[in-house]
Amino acid sequence: VFQNHEEDDRKVRRREKNRVAAQRSRKKQTQKADKLHEEYESLEQENTSLKREIGKLTDEMKHLSEVLKDHEKICPLLHCTMNFVTIPRPDALASCLPR
Amino acid sequence: SYVSVGQILPANRNTPSPIDPETIQVPVGYEPDPADLALSSIPGQEMFDPRKRKFSEEELKPQPMIKKARKVFIPDDLKDDKYWARRRKNNMAAKRSRDARRLKENQIAIRASFLEKENSALRQEVADLRKELGKCKNVLAKYEARHGPL
C-alpha cells in the first residue's frame with residue numbers, strides 16, 4: 001500500500017512537471033511568433049516607405065531631365081549639345097561651364 | 001533574378017500623380033531554400049511566393065487563447081464508438097490547426113527574409129538616386145550661377 005502511494009505521488013509530480021514544461025514551451029512559441037510578426041510588420045512599412053521615396057526621387061530625375069532637354073533646344077551657347085536618354089548627364093550641362 | 005521594370009509614367013505630366021509603391025520594383029537576388037519553400041506551400045495549391053504574398057494586420061494578430069475544456073476523466077466502459085468518433089474528429093481538427101499555424105509561420109518567415117533583401121536593395125537604389133540627383137543639381141546650380149536661370 002505504501003508503494004502504491006509512492007507511485008501515485010511520482011505520477012502526480014511527473015504530470016505537474018510536464019504541465020509546467022508544456023506551458024513554458026507554448027509560451028516560448030507564442031513569443032517567438034509575436035516577435036516575428038513585429039519584425040515582419042516593420043519590414044513591410046520600411047519597404048513601402050522606401051518605394052515611395054524611390055518614386056519621388058525618380059520623378060524628380062525625370063522632371064530635371066525634361067527641363068534640361070527643353071533647355072537644350074533653346075540654349076544660346078554653342079557648346080550645349082546635350083544628348084540625353086532618361087538620366088541627364090551632368091557633364092553635358094557642365095560643358096557649358098568654363099573648364 | 002531580376003524582377004521587372006520601373007515606375008509607370010503618366011501621359012500628362014502637368015498634374016503630379018500620387019506615387020503607388022506597388023509599381024516600384026528593384027532587382028532582388030533572392031532564392032529561398034527549396035526545403036523551406038516546400039514547408040510553406042500546400043501541395044494542392046500554388047507554390048508560395050514570398051514576393052507577392054503579403055500578410056495583413058488581421059493575419060498577424062496574436063492568436064486568441066482558446067479556453068481549453070477541463071479534462072474530465074471518462075471510465076473505459078463509457079468509451080463507446082461515439083466517443084472514439086468524437087475523439088478522432090477532434091484530433092484531426094487539432095492536427096489541421098497545428099499544421100495551418102506552422103505553415104503560416106513559415107510563410108511569414110520566408111517573406112520577412114525576402115523583404116530584408118529587398119529593403120537592402122531599395123536602400124541602395126535610394127542612395128544611388130540621391131547621389132545622381134545631387135550631381136545634376138550641382139551642375140545646374142553652377143550653370144545658373146554663371147548664365148542665369150534656365
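Predicted model: local features only at pLDDT ≥ 70, side-chain atom pairs only at ≥ 80, totals over all residues.
Residues 112-146 of chain B are 100% helix and 0% strand, with the end C-alpha atoms 51 Å apart. In the UniProt record, an unreviewed entry, this stretch carries the feature "coiled-coil region".

In chain B, UniProt places "domain: BZIP" (unreviewed entry) at residues 80-143. That span is 98% helix and 0% strand, and its end C-alpha atoms are separated by 93 Å. In chain A, the annotation "domain: BZIP", again from an unreviewed entry, covers residues 8-71. Here the chain is 100% helix and 0% strand, and 94 Å lies between the end C-alpha atoms.

We can turn next to how the two chains meet. The contact draws on 43 residues from chain A and 40 residues from chain B. Together the chains bury about 4,100 Å², with 68% of that area on carbon and sulfur atoms. Polar features are found here as well: twelve residue pairs are in polar contact across the interface of chain A and chain B, both residues of each pair being at pLDDT 80 or more. On the chain A side, helix H1 (2-74) and helix H2 (90-94) each supply at least two residues that touch chain B. The most comes from H1(A), which gives 32 residues to this side. Sorted by class, the side of chain A that touches chain B holds 21 nonpolar, nine polar and 13 charged residues.

B:Asn119 lies in helix H3 of chain B. Is B:Asn119 buried or exposed? Its relative accessibility is 1%, so B:Asn119 counts as buried, the cut-off being under 20%. Leaving aside residues up to four places away in sequence, B:Asn119 touches A:Leu43, A:Glu46, A:Asn47 and A:Leu50. Two of these neighbours also come up in polar terms. A polar atom of the B:Asn119 side chain lies 3.3 Å from the backbone oxygen of A:Leu43. With A:Glu46, the polar contact of B:Asn119 runs from side chain to side chain, at 3.3 Å.

Over all chains, a search of the whole structure finds eleven salt bridges. Across the interface of chain A and chain B, five salt bridges are found. Among them is the pair A:Glu60 and B:Lys137, whose closest N and O atoms are 2.6 Å apart. A further salt bridge links A:Glu53 with B:Arg130, and here the closest N and O atoms are 2.3 Å apart.

A:Asp9 is partly exposed, its relative accessible area being 40%. A:Arg13, at 53% relative accessibility, counts as exposed because the cut-off for that class is over 50%.

A second pair is formed by A:Glu39 and A:Lys35, where the closest N and O atoms of the salt bridge are 3.8 Å apart. How far apart are A:Glu39 and A:Lys35 along helix H1 of chain A? They are four residues apart, so about one helical turn separates them. A:Glu39 has a relative accessible area of 38% and is partly exposed, while A:Lys35, with 54%, is exposed.

Technical notes. Residues numbered from 1 in each chain as written. Chains lettered and ligands numbered in written order. Heavy atoms only, no water. Contact = heavy atoms within 4.5 Å. Buried area = accessible area lost by both parts, 1.4 Å probe. Salt bridge = Lys/Arg side-chain N within 4 Å of Asp/Glu carboxyl O. Polar contact = N/O pair within 3.5 Å; in protein donor to acceptor, adjacent residues only side chain to side chain. Nonpolar A, V, L, I, M, F, W, Y, C, P; charged D, E, K, R; others polar. UniProt positions renumbered as here; feature names shortened; annotations may be inferred. Buried < 20%, exposed > 50% of the residue type's maximum accessible area, 1.4 Å probe, protein only.
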